[in-house]
Amino acid sequence: MAQRKMIVFPTKNELSQAMAEYTANLSTKFIKEKGLFTVVLSGGDLIDWLCKLVQPPYIDSIEWSKWHVFWVDERVCAWEDPDSNYKLAMEGFLSKVPIPDKNIYAIDKHWAADGNAEHCAALYEECLKNLVKEKIIPISKKTGYPEFDLQLLGMGPDGHMASLFPNHPQINEKQKWVTHITDSPKLPLKRITFTLPVINSSLYNLMAICDKAPAKSVAEIMKHNNLSLPSAHLSAQVENVWYLDQAAASEL
């Protein structure tokens, strides 16, 4: 598994620029190698930081039609709900680039609106399994779990990533690819999330963290590898890189 690498940027803007360049370079690499690129998004501020991808030179140079987009976690609510990661990504990023609708794999619309977290998790896992059969997602030879090209992740002030929270059992799930939570410590309560083995089977994981709020958790992970914080468990097959702005790195 890849060692954790850390890069600190003077400003959020420079972090955003670097993230766009990193993503675009991997897009080029994987499309050249295998004809498609699988990208996993998360929620929160991440979509704002992806804004550079919808500007030159990236908007015109990326082969958007070859992208396949997933979510590492999702709130179990209607697609139109302000809490929806799908809505956030569509409005801030996906509606501005020509990725085919069929290549965007959202939580099931009906069951999400219905609030059935367990069923939504099962359906999302089924979707992934179908894409394995269709040769869109390979199974990692090293881990036996689905292998995405790139995941773009964020961390909460409490050290959570995806919807894997401290002192919650989801972090220990190893059978399922996608699990659910109905008592999230952060609203909304119901969510689905990739399990840790799936997250760590990704070839490249980029964790982007900005602002002062998560600085304490960043220090706990970087200095002490505090494994009570889910984000401390993040790894990857090829590269596990953490992009921080000055504020997020302020306690290191």
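I began with E125, which counts as buried because its relative accessibility is 11%, where buried stands for under 20% relative accessible area, exposed for over 50% and partly exposed for what lies in between (1.4 Å probe, protein chains only). I noted that this is a predicted model, in which local features need pLDDT of at least 70 and side-chain atom pairs count only at pLDDT 80 or more, while totals for chains, interfaces and linings use all residues. Residues are numbered from 1 along each chain as its sequence is written, and side-chain values use heavy atoms, with hydrogens and water left out.

**Entry 1: salt bridges**

What does the side chain of E125 meet in a salt bridge? I found K129, at 3.0 Å from N to O, a salt bridge being a side-chain nitrogen of Lys or Arg within 4 Å of a carboxyl oxygen of Asp or Glu. K129 and E125 are four residues apart in helix 6, so about one helical turn separates them; helices here are DSSP runs of H or I with at least four residues, strands are runs of E with at least two, and both are numbered from the N terminus.

Searching the whole structure gives eight salt bridges.

**Entry 2: the core**

Which residues have the most contacts inside the largest nonpolar core? I wrote down L41, L53, W67, W71, F93 and F194, in a core of 84 residues; a nonpolar core is a set of buried Ala, Val, Leu, Ile, Met, Phe, Trp, Tyr and Cys residues joined through side-chain atoms within 4.5 Å. Helix 1 (residues 12–34) gives the most to this core, with nine residues. In soluble globular proteins, nonpolar side chains tend to be buried together.

I turned to T38 in strand 2 (residues 37–41), which counts as buried because its relative accessibility is 0%. Apart from neighbours within four places in sequence, T38 is in contact with H68, F70, I136, E147, F148, D149 and L150.

**Entry 3: helix 8 and what follows**

Helix 8 (residues 215–224) has the buried residues A215, S217, V218, A219 and I221, and these pack against strand 1, strand 8 (204–209) and strand 9 (239–245). Just after helix 8 comes N225, which takes a positive phi of about 45°. N225 lies in the loop between helix 8 and strand 9, and its relative accessible area of 37% is why it counts as partly exposed.

**Entry 4: further backbone details in loops**

K135 is a residue other than glycine with a positive phi, near 65°, and its place is the loop between helix 6 (117–133) and strand 5 (150–154). Is K135 buried or exposed? It counts as exposed, because its relative accessibility is 70%.

I checked two cis peptide bonds as well: one joins P56 and P57, with omega about 0°, and another joins L187 and P188, with omega about -10°. P57 sits in the loop between helix 2 (46–49) and helix 3 (58–61), and P188 in the loop between strand 6 (178–181) and strand 7 (191–194).

**Entry 5: a surface patch**

Lastly I looked up M6, which lies in strand 1 (residues 4–9) and counts as partly exposed because its relative accessibility is 39%. M6, V8 and L252 make a nonpolar surface patch of about 220 Å². Patches are made of residues with over 30% relative accessible area and no salt bridge, like charges being joined within 9 Å and nonpolar side chains (Val, Leu, Ile, Met, Phe, Trp, Tyr) within 5 Å; accessible areas come from the Shrake-Rupley method with a 1.4 Å probe, and for residues only the protein chains shown count as cover.

Definitions and conventions. Contact = heavy atoms within 4.5 Å.
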